[in-house]
Amino acid sequence: MANVTMAKPQVGGAILRAPKGTALPTDTTTALNSAFKSLGYISADGVSNSNTPSTESVTAWGGATVLDVQTSKPDTFTFTMLESLNPEVLKTVYDDGNVTGTLTAGITIKANEGEMTSHSYVVDMILVDGAKKRIVIPDARVTAIGDIAHTSTSAVMYQVTLSAYPDANGNTHYEYIKGASAS
């Protein structure tokens, strides 16, 4: 039971985004490069990671499976951003070049068919007993956006799915965990 845990967001923003190529942390405690911008509050569903291989079975004459060949292993992250007035959130949904201005001066959003650009992401979490977990995604792009509802009964939310791509070492993401009492 000592190794069972749950995750809560890091205070001040649990998911941060920076231009691809920004210096990345390699542990749970290194301060992030100032290029990383917080995406603010995330819904209570937190972050879901799907990292399941797809396989194709090879069968012999007679039907016996003799080999399973991995055909792909997509690595995706899904989360819902709650701060619909945060320009960083809007840039994540519509892409950086399609969002200009500030809330004070006015924000302009252009929705178009342009390709989404890749970014680096960091997810910071606090686990049970103060342990820290950091997920570092060096190269990811928004590949799905949920329906955006504008109603008088709930917050405007942006659900996105990120697809992570291999870095120079062939890794789609890194996870770092450190206990509170560890030095």
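A: The largest cavity has a volume of about 30 Å³. The model in which it is found is a predicted one. A search of the whole structure finds one cavity of 30 Å³ or more. Rolling a probe the size of a water molecule over the atoms shows where empty space is left.

The lining of the largest cavity consists of Ile 15, Val 47, Phe 77, Phe 79, Tyr 121, Val 123, Ile 137 and Leu 162. Two strands each supply at least two residues of this lining: strand S7, which covers residues 75–81, and strand S10, which covers residues 119–126.

These strands belong to a protein with one helix and 13 strands. Read from the N terminus, the order of elements is β-β-β-β-β-β-β-α-β-β-β-β-β-β. Contacts across the sequence can be described as well: among the contacts in the protein with a separation of 6 or more, 58% join residues 24 or more positions apart. Of the 183 residues, 32% count as buried. The protein exposes about 11000 Å², and carbon and sulfur atoms supply 53% of that area. Taken along the principal axes, the box filled by the C-alpha atoms is roughly 70 × 50 × 40 Å.

The loop between S7 and helix H1, the latter spanning residues 87–94, contains Glu 83. Glu 83 counts as partly exposed because its relative accessibility is 27%, and the partly exposed class lies between under 20% for buried and over 50% for exposed. Leaving aside residues up to four places away in sequence, Glu 83 touches Gly 40, Tyr 41 and Val 89. Glu 83 and His 119 are 36 residues apart along the chain, and their C-alpha atoms are separated by 19 Å.

Finally, the charges may be considered. The protein has 12 positive and 17 negative charges, and the mean positions of the two groups are 8 Å apart.

Definitions and conventions:
Residues are numbered from 1 along each chain as its sequence is written. This is a predicted model: local features need pLDDT of at least 70, side-chain atom pairs count only at pLDDT 80 or more; totals for chains, interfaces and linings use all residues. Side-chain values use heavy atoms; hydrogens and water are left out. Helices (H or I, at least four residues) and strands (E, at least two) are DSSP runs, numbered from the N terminus. Buried means under 20% relative accessible area, exposed over 50%, partly exposed in between (1.4 Å probe, protein chains only). Contact means heavy atoms within 4.5 Å. Accessible areas come from the Shrake-Rupley method with a 1.4 Å probe; for residues, only the protein chains shown count as cover. Lys and Arg count as positive and Asp and Glu as negative; His and the chain ends are not counted. The place of a charge is taken as NZ of Lys, CZ of Arg, CG of Asp or CD of Glu. On a 1 Å grid over the protein atoms alone, a cavity is a set of points where a 1.4 Å probe fits but cannot get out, and a pocket is an open set with protein on both sides within 12 Å along at least five of seven lines; lining residues have an atom within 4 Å of a point. Grid points are joined across faces, edges and corners, and a volume is the space filled by probe spheres set on the points.
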